[in-house]
Amino acid sequence: MEIYAHRGFSGKYPENTMLAFQKAYEVGADGIELDVQMTKDGEIVVIHDERVDRTTNGIGYVKDFLYKQLRLLDAGSWFHDRFARQRIPALMEVLEWVQDLDKEIMINIELKNNAIDYPHLEEKVLKMIGQFQLEKQVILSSFNICSMLKARRLHPVIEIGTLFEGVNESAVPSAKLVNAQAIHGDLPFVLSSEGKKAAAQGMKLRVYTVNDAKVASMLRNKEISALMTDFPNEFLAEKCES
Ligand code: G3P
Ligand code: CA
């Protein structure tokens, strides 16, 4: 079972920042999960919420900021004063960093387009992945099945992990419709008969977000490809010891 750092090493560093990604890489995470939204001027930026309020010193929707305005925000102090220099990264910056790393790491890009329909988000993200030739290191995911279907039509082979929350009987048929290689589900989903059905049909299962060591140990005996956690350090150590 691989260990993916959820929003980077977000248990110890401010989520979705270059620092959280660097620290996840340094502890040896197999992958990094991150979230993307789009600015007013069409820049793809890495931030979980539609609004900047929770994780920066700004107020408002990401879609109402120009990229240069968004870059002025402090994306670290909300977590701890010592992280005041962290900024909201552009997806481009993250992909450039990934390309330069000595060791390959997977990047799970979650398109946060379930609440807001960002124009041409799928095209823009796929174009950027192509520019950096990172097709084999990227997994696209979203709770928005229509968006994943669009991404699949634009790119016949890129890995897609359709996202579901809770036990959902439409998960496997929806993933099949998209020709997704994986389903990303929460704990109830991966332990359910629907989760087992997905695995039996050859789909990879990745589980989010597990921070409990006992749960992680229990999942090791199951058909789970990856576990997403805010504390990749703890689960990677356990992986080596088992
Ligand atoms: O990608 C899985 C997980 O990150 C989805 O939930 O809210 O943490 O983005 P959330
Ligand atoms: Ca996410």
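# Calcium site, loops and helix packing in a predicted model

At 3% relative accessibility, asparagine 16 counts as buried, and in this predicted model asparagine 16 is placed in the loop that runs between strand 1 (2–6) and helix 1 (18–26). Although asparagine 16 is not a glycine, its phi is positive, at about 55°. Most residues other than glycine have a negative phi. A positive phi in a residue other than glycine is also found at histidine 120, where the value is near 60°. Histidine 120 belongs to the loop between strand 4 and helix 4 (121–131), and with a relative accessible area of 48% histidine 120 is partly exposed.

## Loop residues and their surroundings

Threonine 17 lies in the loop between strand 1 and helix 1, and its relative accessible area of 1% makes threonine 17 buried. What is threonine 17 in contact with, leaving aside its neighbours within four places in sequence? Its partners are Ala75, Gln86, Arg87 and Pro89.

Threonine 56 sits in the loop between strand 3 (44–46) and helix 2 (67–70). Threonine 56 counts as buried because its relative accessibility is 9%, under the 20% limit for that class. When residues up to four places away in sequence are not counted, threonine 56 touches Leu73, Asp74, Ala75, Trp78 and Ile88. For one of these, leucine 73, the C-alpha atom is separated from that of threonine 56 by 6.1 Å, while the two residues are 17 residues apart along the chain.

From C-alpha to C-alpha, proline 156 and asparagine 179 are 8.7 Å apart in space, and they are 23 residues apart in sequence.

| Residue | Relative accessibility | Class |
|---|---|---|
| Asparagine 16 | 3% | buried |
| Threonine 17 | 1% | buried |
| Threonine 56 | 9% | buried |
| Histidine 120 | 48% | partly exposed |

## The calcium ion

Which residues are the protein donors of the calcium ion (ligand 2)? They are Glu33 (OE), Asp35 (OD) and Glu110 (OE), which lie 2.1 to 2.2 Å from the ion. Along the chain, the donors of this calcium ion follow the spacing E-x1-D-x74-E.

## Helix packing

The axes of helix 3 (residues 91–100) and helix 4 come within 10 Å and cross at roughly 25°; helix 3 and helix 4 are therefore roughly parallel to each other, as the angle falls under 35 degrees. The crossing in which helix 3 passes helix 4 is right-handed. Leu91, Met92 and Leu95 of helix 3 make the contact with Val125, Met128, Ile129 and Gln131 of helix 4. By class, the residues of this contact of helix 3 with helix 4 divide into six nonpolar, one polar and no charged.

Helix 4 also meets helix 5: their axes come within 9 Å and cross at roughly 45°, an angle that makes helix 4 oblique to helix 5. Here, too, the crossing is described as right-handed, with helix 4 passing helix 5. On the side of helix 4 the residues are Glu122, Glu123 and Leu126, and these meet Ser147, Lys150, Ala151 and Leu154 in helix 5. The contact of helix 4 with helix 5 has three nonpolar, one polar and three charged residues.

Helix 5 (residues 145–154) packs in turn with helix 6 (residues 171–178) at an angle of about 25°, with their axes 9 Å apart, and that makes helix 5 roughly parallel to helix 6. The residues that meet are Ile145, Met148, Leu149 and Arg152 in helix 5 and Ser174, Leu177 and Val178 in helix 6. The residues of the contact of helix 5 with helix 6 divide into five nonpolar, one polar and one charged.

Terms used:
Residues are numbered from 1 along each chain as its sequence is written. Chains are lettered from A and ligands numbered from 1 in the order in which they are written. This is a predicted model: local features need pLDDT of at least 70, side-chain atom pairs count only at pLDDT 80 or more; totals for chains, interfaces and linings use all residues. Side-chain values use heavy atoms; hydrogens and water are left out. Donors are N, O and S atoms within 2.8 Å of the metal (3.2 Å for Na, K and Ca); water is not among the atoms, so sites may look incomplete. Helices (H or I, at least four residues) and strands (E, at least two) are DSSP runs, numbered from the N terminus. Buried means under 20% relative accessible area, exposed over 50%, partly exposed in between (1.4 Å probe, protein chains only). Axes are lines fitted to C-alpha atoms, for helices over the stretch in contact, and angles run from 0 to 180 degrees between N-to-C directions. Angles under 35 degrees count as roughly parallel, over 145 as roughly antiparallel, 65 to 115 as roughly perpendicular and the rest as oblique. A crossing is left-handed if the near helix is turned anticlockwise from the far one by less than a right angle, and right-handed if clockwise. Contact means heavy atoms within 4.5 Å. Ala, Val, Leu, Ile, Met, Phe, Trp, Tyr, Cys and Pro count as nonpolar, Asp, Glu, Lys and Arg as charged, and the others, Gly among them, as polar.
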